[in-house]
Amino acid sequence: MGNDMKNSVKNISAFILCIVISLSFCVNAYAKTAVETVKVNQTLRYTYDYNNEDYYHYYRFTPSATGFYTAKIFTDNENVWNDSGSISLAVQDSNGKELDYSGWNDALLSASVTYEFEANKTYLFYIECWKEIIVDISFSLKPHSHSLYLSDDDKASINYDGYKLFECKECDYSKKVIIPHVSVIKLSKSKYVYNGKIHRPSVIVKDSKGKILKEDSDYRLKYDEPNSKNVWTYEVCVYLEGDYDDERYLEYSIIPKGTAITKTASKKKAVYLKWKKQTKQISGYQIQYSTDKKFKKNKKTVNIYNPKKTSYTLRKLKSNKKYYVRIRTFEDTYNLYSPWSKSKQLKTGG
């Protein structure tokens, strides 16, 4: 066998021997470590002795209720950590898999871990210490109640969700609460008929989950004319506030009061109409006639710009022809119309 081959065999043998020694060391160390059971609100103590290679210590915990608990290791001797050395605390499952870890604390008095434990599952607390001293170490386990504060937020709008981020002052726990965006902003009613009284619709605001938002806390309203009673198109602005930040403008109208045809008469190629006078808040009347009962085709319109006028004759019609006629009022300044009256069926003379 050549020298190179002999050296390779020696190196491999030395490597295997190191592994065996390391495993033996870990097994012996664990064998020296007692696994005690700890309960909530209990404080246990053990003596750490570097000379006895007591580097590791375990506690077993099986919670009866799901929740957050804080495990803490500390010592009453304030001077023992002033020299070199480290201590750490970890949470493991029953198979030894690490779930959470405090990190190495150099020259500190304690280490702690806060973790959410599931009921009736067994966990291990693993303490590791490397310091050339002999000292009593205390271990405590207590329920943890988060002390949350708002660390960041972004307000929701009409198109985008917002959020609130809460973090615990005492542990790494954080909670992000999504604020659904506003998806519905509408008026309870967008059209009123003039009657001389004030009309002002309410506003319905909902988020994307269907929750109805509240006025004064989630939004406020501003009407351009609080005493809206005349024929006009009015505006209301919805200002989102609180957890929201956006705005939307909505319109509603007060339209003229309508009228009705009270009398008709057929003439040769003509039709006579009489209607009920309606003079308040209107510019005049609009008459529409057609040979189509539904007014979808063959229709013509006549505007009468005189609120006091109450009759009119439609001329140049076809003789012996059936016509349908209806009327409504309008306000020309704002281009607002009342609903159509019921239509009347007439037939021209021959």
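Of the 350 residues in the chain, 37% are buried. The model is predicted. Work through each task before you read its solution.

## Exercise 1: The whole chain

Task: State how many helices and strands the chain has. Then find what share of the contacts with a separation of 6 or more joins residues 24 or more positions apart.

Solution. 
- Step 1. Count the elements. The chain has one helix and 27 strands.
- Step 2. Turn to the contacts. Take those with a separation of 6 or more; 60% of them are between residues 24 or more positions apart.
- Step 3. The accessible surface of the chain is about 21200 Å². Carbon and sulfur atoms hold 45% of that surface.

## Exercise 2: Strands β17, β18 and β19

Task: Work out how β18 pairs with β17 and with β19. Which residue in the turn between β18 and β19 has a positive phi?

Solution. 
- Step 1. Start with β17 and β18. They run antiparallel, and five bridges join them. Within this pairing, Arg-220 faces Tyr-239 in β18.
- Step 2. Move on to β18 and β19. These strands also run antiparallel, with nine bridges between them. Here Trp-232 is opposite Ile-254 in β19.
- Step 3. Look at the turn. β18 and β19 make a hairpin, and five residues lie between them. Gly-242 sits in the turn, with a positive phi of about 75 degrees.

## Exercise 3: Two salt bridges

Task: Find the salt bridges of the structure. For the pair Asp-243 and Lys-164, explain why the bridge ties together separate parts of the chain.

Solution. 
- Step 1. Count them. There are two salt bridges.
- Step 2. Take the pair of Asp-243 and Lys-164. Their closest N and O atoms are 3.0 Å apart. A salt bridge needs such atoms within 4 Å.
- Step 3. Asp-243 is in the loop between β18 and β19, while Lys-164 is in strand β12, so the bridge ties together parts 79 residues apart in sequence.
- Step 4. Asp-243 has a relative accessibility of 28% and is partly exposed. Lys-164 is partly exposed too, at 23%.
- Step 5. Take the other pair. Glu-241 and Arg-220 form a salt bridge, 3.4 Å from N to O. Glu-241 is in the loop between β18 and β19, and Arg-220 is in strand β17; they are 21 residues apart.
- Step 6. Glu-241 is partly exposed at 24%. Arg-220 is partly exposed at 40%.

## Exercise 4: A patch on the surface

Task: Which residues form the nonpolar patch on the surface? How exposed is Trp-130?

Solution. 
- Step 1. Name the members. They are Tyr-101, Trp-104 and Trp-130. Together they have about 290 Å² of accessible area.
- Step 2. Focus on Trp-130. This residue lies in strand β9. Its relative accessible area is 32%, so Trp-130 counts as partly exposed.

## Exercise 5: Asn-335

Task: Where does Asn-335 lie? How many residues separate Asn-335 from Thr-233 in sequence?

Solution. 
- Step 1. Asn-335 is in the loop between β25 and β26.
- Step 2. Judge exposure. Exposed means over 50%. Asn-335 has 53%, so this residue is exposed.
- Step 3. Asn-335 and Thr-233 are 102 residues apart in sequence, yet 9.5 Å apart from C-alpha to C-alpha.
- Step 4. Find a polar contact. The side chains of Asn-335 and Tyr-337 are joined by one of 3.2 Å.

Notes: Residues numbered from 1 in each chain as written. Predicted model: local features only at pLDDT ≥ 70, side-chain atom pairs only at ≥ 80, totals over all residues. Heavy atoms only, no water. Salt bridge = Lys/Arg side-chain N within 4 Å of Asp/Glu carboxyl O. Helix = DSSP H or I, 4+ residues; strand = E, 2+ residues; numbered from the N terminus. Buried < 20%, exposed > 50% of the residue type's maximum accessible area, 1.4 Å probe, protein only. Patch = residues over 30% accessible without salt bridge, like charges linked within 9 Å, V, L, I, M, F, W, Y side chains within 5 Å. Areas by Shrake-Rupley, 256 points an atom, 1.4 Å probe, with all protein chains shown as cover. Pairing = 2+ DSSP bridges. Contact = heavy atoms within 4.5 Å. Polar contact = N/O pair within 3.5 Å; in protein donor to acceptor, adjacent residues only side chain to side chain.
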